[in-house]
Amino acid sequence: KRDNIIRPILDISRSEIEDYLLRNGISWCNDSTNALPVYARNKLRLKVFPELNSVVNNAEKRIVSAAKLIGEDDAYLRSLADEAFHKCLFENYLLLSGFNGYELPVKRRIISNLLSLWEMKEITADKIEAFIEYTEKECGKKFDINSEYYAEKSYDKIFLRKREKAVTEEFTIDGEVS
């Protein structure tokens, strides 16, 4: 499911669907763009999967099955992380004594939630790993969140801090502008 699009038969191949439709006398409409390798999904279906299937029997089905399992595992880990997130985030800081008690997969999701809450753009796996490493650094260290905010470690807490805008003023001394 993505937005308002639901694909309940994603793990059924096109040929299985067409066989079912033929057996049951149901007509269907083919989108002419399905035969053109102009979209990523078409390139995968027309070029990549046939090649994979020639190397590994049922590669496409195996990938779809693995993706389903990964999705289920991710949903479970997200639910654990959501619960953990509320136990170690307070107003504008992350409580490290609570955070450190979780395993790495849950920590990654907590940090993803935290960086999203702190309005960090482009949350990547590298940024998440860097932030987890940052949680282990000594006090006083800073972590760049975005152009407006940074994180600062103080003992058992990591605070969200707003950057102060540099104020430049002109003033005159003995007739000269500095």
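Of the 178 residues of the protein, 22% count as buried, where buried means under 20% relative accessible area, exposed over 50%, and partly exposed in between (1.4 Å probe, protein chains only). The model is predicted: local features need pLDDT of at least 70, side-chain atom pairs count only at pLDDT 80 or more, and totals for chains, interfaces and linings use all residues. Residues are numbered from 1 along each chain as its sequence is written, and side-chain values use heavy atoms, with hydrogens and water left out.

**The whole chain**

Show the cartoon first. The protein has six helices and seven strands; these are DSSP runs numbered from the N terminus, with helices being H or I of at least four residues and strands E of at least two. From the N terminus on, the order of elements is α-α-α-β-β-α-α-α-β-β-β-β-β. Among contacts (heavy atoms within 4.5 Å) between residues at least 6 apart in sequence, 34% join residues at least 24 apart.

**Valine 48**

Select residues 40–55, which are helix α2, and find valine 48 in this helix. Valine 48 has a relative accessible area of 37%, so it is partly exposed.

**Helices α3 and α5**

Two packed helices are described by the angle between their axes and the distance between the axes. Select α3 (residues 59–88) and α5 (residues 104–117): their axes come within 8 Å and cross at roughly 65°. Axes here are lines fitted to C-alpha atoms, for helices over the stretch in contact, and angles run from 0 to 180 degrees between N-to-C directions. The crossing of α3 and α5 is right-handed, that is, the near helix is turned clockwise from the far one by less than a right angle. Show side chains at the contact, including Leu77, Ala81 and Phe85 of α3 and Val106, Ile110 and Leu114 of α5. The residues of this contact divide into 11 nonpolar, one polar and four charged. Ala, Val, Leu, Ile, Met, Phe, Trp, Tyr, Cys and Pro count as nonpolar, Asp, Glu, Lys and Arg as charged, and the others, Gly among them, as polar.

**The sheet**

Next, select the five strands that form an open antiparallel sheet in the order β1-β2-β5-β4-β3. Two strands pair if DSSP finds at least two bridges between them. The edge strands, β1 (89–90) and β3 (142–144), each pair on one side only.

Helix α6 (residues 125–135) packs on the sheet and touches β2 (93–95), β3, β4 and β5; its direction makes about 170° with that of β3.

Zoom in on β4 (residues 149–154) and β5 (residues 157–162), which pair in the antiparallel sense over six bridges. Lysine 153 has isoleucine 158 of β5 as its bridge partner, and glutamate 152 has phenylalanine 159 of β5. The hairpin of β4 and β5 has two residues between the strands, and in this hairpin tyrosine 155 takes a positive phi near 55°.

Phenylalanine 143 stands opposite alanine 151 in β4.

**The aromatic rings**

How far apart are the centres of tyrosine 134 and phenylalanine 143? The distance is 5.4 Å centre to centre, with 40° between the planes, and the pair is tilted. Rings of Phe, Tyr and Trp (its six-membered ring) pair if their centres lie within 6.5 Å; planes under 30 degrees apart count as stacked, over 60 as edge-to-face and the rest as tilted. Tyrosine 134 counts as buried because its relative accessibility is 3%, and phenylalanine 143 counts as buried at 11%. Finally, select Trp118, Phe131, Tyr134 and Phe143 together, which form one aromatic cluster.
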